[in-house]
Amino acid sequence: MKTYQFNTCLTIMLSGFLTASLTAQKKQTKASDYKSVTVFVTAKNTENKLTKTETLSFFDKPQPTEKETSVFVDPSKTYQTLLGIGGALTDASAEVFYALPKDKQEEILTAYYDKDKGIGYTLARTNMQSCDFSSDIYSYIAEGDKDLKTFDISHDRKYKIPLIKEAIAKAGGKLTLYASPWSPPAWMKTNNNVLQGGTLKPEYHQSWANFFVKFINEYEKEGIPIWGYTVQNEPMAVQKWESCIFTAEEERDFIKNFLGPTMQKAGLSKKKLIMWDHNRDLMYQRVSTVLEDKDAAKYVWGVGYHWYEDWMKNGMNFEGERRVAEAFPDKPLILTEGCAADFDQKLLTEWSYGEKYGMSMINDFNIGTVAWTDWNILLDERGGPNHVQNFCMCPIHVDLKTGKLIYTNGYYYLGHFSKFIKPGAKRVACNSSSNKLLSTAFVNQDNNLEVVVMNQTDNDVEYFLWIKGKASKITSLAHSIATLEIR
């Protein structure tokens with residue numbers, strides 16, 4: 001009887017403690033608990049660059065009128081959990097990085113990976129063998145070595161591996177890193193060329209699957225954890241650089257018959273397999289073909305996509321992305337590559353360059369994307385190096401002749417997300433009553449609410465940040481992006 005009474009009392013006490021804890025946690029996230037709004041702004045024709053401009057209070061605000069622009073936020077309605085935001089650590093970025101003096105290297109690492117002094121990147125992608133943003137074409141194995149006995153990543157130890165290690169250290173010891181191949185070795189392909197497309201010969205399917213295992217194991221021996229991998233970069237593009245074609249059916253069958261089982265057999269089933277890794281326009285056709293096959297789908301963690309479908313001059317195809325999110329809600333979405341433009345000196349200061357980042361990121365997150373990866377973190381004054389002259393823009397360029405670092409406004413637009421919205425944050429309901437403003441919102445694990453508001457118009461827009469009957473009046477400057485940190 002005494003034991004029963006003791007256990008009963010203990011159960012009641014624990015139940016009360018858990019109830020109180022849950023009540024306290026719930027209370028922390030109630031809209032009425034938010035008291036202040038701190039505004040950080042980047043705006044055209046101003047000195048504001050991720051600049052703290054004001055701290056505002058909330059006041060009672062009942063039903064808004066149709067004439068009042070409002071950004072509505074409901075922190076009680078939650079959606080996907082953020083995995084991370086970051087950029088690619090390519091051969092090109094690493095080569096440029098190590099061409100700089102130590103003080104400039106430290107500045108770049110701080111700018112990207114320091115969560116307090118920089119924009120706090122937490123995600124990275126790297127290339128498996130050479131890509132266009134390499135100074136040369138290289139492979140990890142000798143020609144004809146289908147058994148991979150000559151597998152050697154010494155090429156990467158010169159620049160890329162050291163940069164990845166430095167980025168991990170500056171990020172606090174953890175960086176979610178995944179890898180992508182641009183092409184199998186030439187002799188494994190139908191065109192006997194790593195460039196210009198071609199397809200993987202059937203007799204090398206198993207060797208190529210084994211190649212992924214070798215790569216992951218060798219990188220992890222270097223002390224670099226690999227979180228995941230994509231099957232093939234841009235599998236429907238015949239490029240003048242490294243490329244390889246996989247139809248939807250070919251990718252499906254390679255995953256279910258070779259890559260998935262091989263990774264599982266090697267004890268690497270927890271590594272995240274990301275399919276597609278190409279543009280939004282063909283996204284639904286590809287994803288439905290693969291994921292409607294349960295034997296392939298069981299190996300797939302999520303769907304990677306790029307934003308280059310606007311090369312057809314049709315703009316970004318968010319509807320293709322949205323259909324995938326609706327049809328396959330159990331497979332996370334991750335933007336695996338975005339580069340705002342081919343290199344153009346004018347774009348170093350052109351405001352639309354950063355706005356493309358903001359517009360895409362807000363739409364992607366609102367559709368359900370859990371992670372967002374920019375392309376190269378660093379390039380030279382020409383947008384390279386690049387062995388096929390495919391020069392591109394990136395957030396930070398360096399003039400190697402002068403050593404000057406050039407921060408584009410793309411860096412600051414990216415920072416309005418990566419600096420404030422942390423891994424583990426939950427997206428919450430958010431929308432603007434006017435199409436003059438784009439918006440998205442997340443609540444971090446510390447319960448801080450982060451709302452991003454972007455204005456692409458030529459005019460300032462006054463609006464109410466409205467949360468469950470409480471509001472704060474804010475002005476969105478013309479051509480600006482703001483992060484509203486609500487505590």
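Leu148 counts as buried because its relative accessibility is 2%, below the 20% limit that defines a buried residue. In this predicted model, L148 lies in the loop between strand 6 (123-128) and helix 4 (154-158). The backbone of L148 has a positive phi of about 60°, although L148 is not a glycine. Most residues other than glycine have a negative phi.

A second residue with a positive phi is K313, which is likewise not a glycine and has a phi near 65°. K313 belongs to the loop between strand 10 (302-306) and helix 10 (318-327). What is the relative accessible area of K313, and is the residue buried or exposed? The value is 74%, so K313 is exposed, since exposed means over 50%.

The backbone also contains a cis peptide bond, which joins G384 and P385 with an omega of about 5°. Most peptide bonds are trans. P385 is found in the loop between strand 13 (378-380) and strand 14 (396-399).

From these local features the account turns to the chain as a whole. The chain has twelve helices and 21 strands. Its C-alpha trace spans about 75 × 70 × 45 Å along the principal axes. For 487 residues, a compact globule would have a radius of gyration near 23 Å, and the 24 Å of the chain agrees with this. Of the 487 residues, 58% are buried. Among contacts with a separation of 6 or more, 73% are between residues 24 or more positions apart. The chain exposes about 20,800 Å², and carbon and sulfur atoms supply 51% of that area.

Ten of its ten residues are buried, so helix 12 is largely enclosed by the rest of the structure. The buried residues of helix 12 include the three tyrosines Y411, Y412 and Y413, as well as H416 and F417.

Two further residues show how parts of the chain meet. S70 is placed in strand 4 (residues 70-81) and counts as buried because its relative accessibility is 0%. Leaving aside residues up to four places away in sequence, S70 touches P64, N431, S432, S433, Y463 and F464.

K170, by contrast, is placed in helix 5 (residues 160-170) and counts as partly exposed because its relative accessibility is 24%. Which residues does K170 touch, not counting those up to four places away in sequence? They are E106, L109, T110, Y113 and D114. K170 and E106 are 64 residues apart along the chain, and their C-alpha atoms are separated by 9.2 Å.

The description ends with the largest pocket. About 670 Å³ of space lies in this pocket. Of the 29 residues that line it, the closest to its centre are E234, Q239, W241, Y308 and W311. The lining residues divide into 16 nonpolar, five polar and eight charged. Which strand gives the most to the lining of the largest pocket? Strand 9 (residues 272-279) does, with three residues.

Note on methods: Residues are numbered from 1 along each chain as its sequence is written. This is a predicted model: local features need pLDDT of at least 70, side-chain atom pairs count only at pLDDT 80 or more; totals for chains, interfaces and linings use all residues. Side-chain values use heavy atoms; hydrogens and water are left out. On a 1 Å grid over the protein atoms alone, a cavity is a set of points where a 1.4 Å probe fits but cannot get out, and a pocket is an open set with protein on both sides within 12 Å along at least five of seven lines; lining residues have an atom within 4 Å of a point. Grid points are joined across faces, edges and corners, and a volume is the space filled by probe spheres set on the points. Helices (H or I, at least four residues) and strands (E, at least two) are DSSP runs, numbered from the N terminus. Ala, Val, Leu, Ile, Met, Phe, Trp, Tyr, Cys and Pro count as nonpolar, Asp, Glu, Lys and Arg as charged, and the others, Gly among them, as polar. The radius of gyration is taken over C-alpha atoms; the globule rule is 2.2 Å times the number of residues to the power 0.38. Buried means under 20% relative accessible area, exposed over 50%, partly exposed in between (1.4 Å probe, protein chains only). Contact means heavy atoms within 4.5 Å. Accessible areas come from the Shrake-Rupley method with a 1.4 Å probe; for residues, only the protein chains shown count as cover.
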